[in-house]
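Have a look at the model first, then read on.

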Amino acid sequence: MREVERYPSTYPKPIIGIVHLGLGAFHRAHQAVYLERTLARHGGGEWGICSANIRSNRVLVDQLRAQGCRYHVAEYRDSEHVALREIAALQEVLYAGEDGEDKEALLERMADPATRMVTLTVTEKGYCLSPATGQLRVDDPNIVHDIRTPHAPRTAPGLLVEALRRRHARGIAPFTVLCCDNMPDNGQRTRQAVTQLAAAQDERLAAWISQEVAFPCSMVDRIVPAMTDASFETLRQLGCEDSAAVIGEAFSQWVIEDQFPQGRPDWEQEGVQMVTDVRPFETMKLRLLNGSHSLLAYVGALVGHTTVYDAMNDPALVRLIRHYMKDEAMPTLEMPAGIDLNAYADDLIARFRNDSLQHRLHQIAMDGSQKLPQRWLSGTEARLAQGGGISCIAFGVAAWIEYCSGQSSQGAHEVNDPLRDTFAELHAHRQGGALVEAFLGLMDVFPASLTEQEGFRQAVHQAYRVLSTQGIAAALAEATNNNNH
Ligand code: CS2
């Protein structure tokens, strides 16, 4: 018998104090839920949200407008326990994509004195930084555009710089910038993108931003797969007809560096952890959760699985991620007292086994060039420095290289990555050891400090050799046998 708890939203209209860039499913099921609960507790207030889509998906903006910006989030503990929450924290939605008519409205909303915080979920590539070095990609065509046309920017850093310029010119205090994407030191990275772009336009503005704007780091966590026809059907069975609804897991975590000179909601009352140093939490989450996700994605897709749930029903894959977590990721983590990494890893296995999330492996496999450095490679460097084994990650890199061909024993699949054309080119002209060398030479992905290490190169070559000559099952067995478990 399915248990459905329903939480309608009833508080009076809040004023807008937060502008969010990146109106995706994650934002709607994570940050907006924390704000919803905060607003409900206060009976409204000053932290309503204006959310903007700055890339694609005008349809979602239109849908939300048609329903007064209200929508539902279904939080699944498992298929028997679900909470259905109505969200009214969104007060305004804007479409500011390439051809978006709301760009000026968005910039003015960001420049409005009532806006005290701008939050972001624009994915790793949205910051236009080199994943390996963290420096702004000044040759990125959109950054080139934003340097030449600062008043009508295309990128997230460009929007932040322009809105801050308007506030500075009008004598309005800046907003705080809160990055909510899965990157290490995400506040620092955002600061880097914004100040480097501002410096290319106006040194005085860049100096003011460096001095006055706070960029707290944060760690965000909730599994929120992209919606599919099947997930909308599941919602219909709960009596929820809402084309802007999202489904996520019941678990949710948000750890934030407490640096908000312009004020902030009292969201610690809703379980947000306000800390002085987010780094250990972020590294733990990136290496254990996201690192395992990426392993499941590339290896699972090559094996022929479709979702995380399917992959978790394959004992060989569960063995792989258990070995990876215990032997290659956990020994690299230094956590504050009271954090039990074994319990965290066990909880992750249980979360991945959630039978109500249709989390497609191809979705997680997207943008690997942007994700692998922080999920796998920084930990691998740390592990090599300890003299530890790295066979799971070497195998993961080999599986990723193979996945990037767009072909597997299961047939053709789409490769969705900013480096997609480069991958196609490399696969078209090389194979075997030469192909592996060419991939390891992608400087935006693999830092020289790692590829200079013979142990790493050899391990990837060996894994790829087994994968390409004996198949994925043999390579998978070899990766887990190399560990001492
Ligand atoms: C996933 C994340 O798509 C991916 O790369 O690993 O979106 C993951 O589901 C979230 O970070 C969970 O908090």
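1. A salt bridge here is a side-chain nitrogen of Lys or Arg within 4 Å of a carboxyl oxygen of Asp or Glu. By that rule Arg 279 pairs with Asp 185, with the closest N and O atoms 3.4 Å apart. The count between domain 1 and domain 2 is six salt bridges.

2. A word on the ground rules. This is a predicted model, so local features need pLDDT of at least 70 and side-chain atom pairs count only at pLDDT 80 or more, while totals for chains, interfaces and linings use all residues. Numbering runs from 1 along each chain as its sequence is written, and side-chain values use heavy atoms, with hydrogens and water left out.

3. The chain splits into domain 1 (1-275) and domain 2 (277-477), with bounds from an automatic or database domain assignment. Their C-alpha centres lie 28 Å apart.

4. On contacts (heavy atoms within 4.5 Å), 34 residues of domain 1 meet 34 residues of domain 2.

5. Buried area is the accessible area (1.4 Å probe) that two parts lose on being put together, summed over both. For this pair of domains it comes to about 2,700 Å², with carbon and sulfur atoms giving 57%. On the domain 1 side, Lys 125, Pro 131 and Ile 223 lose the most area to domain 2, together 20% of what that side buries.
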